[in-house]
Amino acid sequence: METILSLLKTILEQGFIYGILALGIYITYEILDYPDLSVDGTFPLGAAITVAFILNGVDPWIAIIISFLGGALAGLATGIFHVVFGIKDLLSGILTMTALYSINLKIAGRANVPITNETRIFNSGITEYIPESLANYKTLIIIFICVIIIKKLLDLYLKTKSGLLLRATGDNPGMVTLLAKNHGYMKIIGLMICNGLAAVGGSILAQQQRYFDSTMGTGMLVMGLASVIIGRSIFKKSKFMKATTMVLIGSVIYKTCLAVAIYYGVNPNDLKLLMTILFLIVLISNDAIGKGGFKKYVRASKN
Amino acid sequence: MLELQKINKTFHKGTVNESVLFRDFNLTVEKDNFISIIGSNGSGKSTLLNVICGTIPVDSGKVLLRGNDITKMKDFKRSDFIARVYQDPAKGSCPSFSILENMALADNKGKPYLFTKAVNKSKIDEYRTHLEQLHLGLENRIHDKVGNLSGGQRQALAMITSTLTPNDILILDEHTAALDPKTADNIMELTYDLIKRKNLTTIMVTHNLKFALSYGNRLMMMHQGESIIDVSGEEKERVQLSEVLERFNEISIETGN
């Protein structure tokens with residue numbers, strides 16, 4: 001029982017942290033139909049910024065906000081590569097991701113930086129108000145609060161005029177032109193939000209696991225995409241559930257699959273391989289069922 | 001209102017496929033003109049619309065709107081003054097949005113899209129009144145996804161949304177061509193209704209000679225980048241379908257179409 005509970009706790013913690021990243025990917029991939037690989041660089045960027053600022057005594061919450069801005073800036077770069085210079089979507093993301101690998105090392109100082117004894121969001125501020133009986137779940141509670149706030153903000157944004165125009169950009173870019181707005185700018189805004197959220201995910205993960213690791217971004221797009229597709233296809237019939245909720249649950253389900261595999265003895269070194277296989281299963285089964293709106297992704301790669 | 005001065009446009013310049021379309025092409029559109037443009041494929045009708053809307057650049061010449069030079073202005077900026085409805089009904093609305101969201105989106109044209117609430121509930125009744133004019137029952141389906149509507153319904157909605165905010169010019173780019181004859185008639189009547197009620201200056205490209213003759217106060221026939229018929233007012237009223245058809249056939253034989 002004890003092990004199951006602690007496993008569940010880990011799954012939820014991880015699922016929600018990576019869920020923030022998945023929310024960002026939901027914007028680029030589902031709303032804008034843009035497979036943005038920059039997240040593989042902006043996720044660790046958030047972690048690098050966070051350890052650098054925390055080690056310099058900056059408040060950990062402020063570090064999260066700075067991470068968001070840093071991620072958004074990287075998203076802006078990807079957007080400019082694509083919209084202004086006309087570089088293909090995938091390649092624009094790869095360029096930013098590659099550049100960020102060096103930039104992240106510069107920011108963090110070296111490839112692996114611990115923040116074991118520093119002030120983090122999990123051992124300061126509002127954690128004092130969490131009752132002693134829930135001390136075991138302190139980390140999970142803080143993560144949950146972060147995720148809910150971010151999800152609510154995103155839901156609110158998508159209902160504003162700017163949010164509606166962003167959705168229109170993915171749905172029918174010609175319509176945005178007819179409305180006298182530049183759909184290229186809207187794409188850039190979407191990329192900025194996505195990468196901002198990816199960096200926030202990285203920032204919170206670094207604070208939870210207490211270190212920055214330069215390779216922690218590898219496979220983030222694959223993982224986030226899998227979460228988006230799992231969540232969206234399982235609940236696609238639901239009329240009352242918001243897309244953002246589906247994505248977060250998708251992320252938890254995805255993490256559950258990984259955790260179960262490791263629990264039954266899969267070598268952690270094979271994790272990325274497992275992630276890819278899991279993603280393929282999700283994508284192909286979605287295609288085989290054939291009802292999902294995600295069919296286009298499989299077909300697109302066949303072309 | 002709108003003036004094209006000495007427009008030159010050559011496609012595939014410097015290649016074996018080089019083809020000169022416009023050579024010093026001029027056009028003046030007066031306020032409240034409702035011009036119907038006909039012509040065979042490749043006559044320059046669509047290119048003319050694309051030049052006006054800024055979708056393609058011109059080689060030389062000027063495009064003036066209300067006396068302002070807009071030749072260098074980007075297409076999306078021109079949308080501030082120009083409304084356009086395409087042949088493809090899918091181009092005029094967002095399929096995953098509800099009718100209400102599409103109308104709210106279009107209603108904000110000309111204003112910035114910032115962080116205020118997109119759908120203003122107090123405007124629903126106003127939107128319903130607009131939709132009632134279509135007699136398609138869309139006013140009762142205001143929360144339905146536009147992707148579930150038929151082509152005719154989507155085109156009708158596009159006519160409403162594109163004229164929701166004031167524009168200097170309405171461009172109709174074969175907007176009934178993808179519809180069945182009955183629906184095309186309905187959309188054309190609705191179009192005429194809107195144009196009359198809102199006093200819209202309109203340029204309509206159509207392959208439907210009947211529409212071209214019965215609607216509008218000016219008729220143009222394009223051929224190889226030139227306007228070979230341009231009649232308006234009473235003179236236009238006197239033009240017979242047979243005359244136009246005859247001219248059309250002449251041209252077709254000439255060009256081997």
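The buried residues of helix 6 of chain A pack against helix 1 (2-31), helix 5 (138-158), helix 7 (173-178) and helix 8 (183-209) of chain A, and also against helix 3 (99-107) of chain B. Buried means that 20 or more other C-beta atoms, placed from the backbone, lie within 10 Å of a residue's own, while exposed means 12 or fewer and partly exposed lies in between. This is a predicted model, in which local features need pLDDT of at least 70, side-chain atom pairs count only at pLDDT 80 or more, and totals for chains, interfaces and linings use all residues. Residues are numbered from 1 along each chain as its sequence is written, and chains are lettered from A and ligands numbered from 1 in the order in which they are written.

**Helix 6 of chain A**
- Helix 6 spans residues 161-171 and is mostly covered, with 9 of its 11 residues buried; helices (H or I, at least four residues) and strands (E, at least two) are DSSP runs, numbered from the N terminus.
- Among the buried residues are Gly163(A), Arg167(A) and Asp171(A).

**UniProt annotations**
- An unreviewed UniProt entry places "transmembrane region" features in chain A, including residues 139-158 and 218-235; positions follow the numbering used here, feature names are shortened, and annotations may be inferred rather than shown by experiment.
- Residues 139-158 of chain A are 100% helix and 0% strand, with end C-alpha atoms 29 Å apart.
- Residues 218-235 of chain A are 83% helix and 0% strand, with end C-alpha atoms 28 Å apart.

**His143(B)**
- His143(B) lies in the loop between helix 4 (124-132) and helix 5 (151-162) of chain B.
- His143(B) is exposed because 10 other C-beta atoms lie within 10 Å.

Methods: Contact = placed C-beta atoms within 7 Å.
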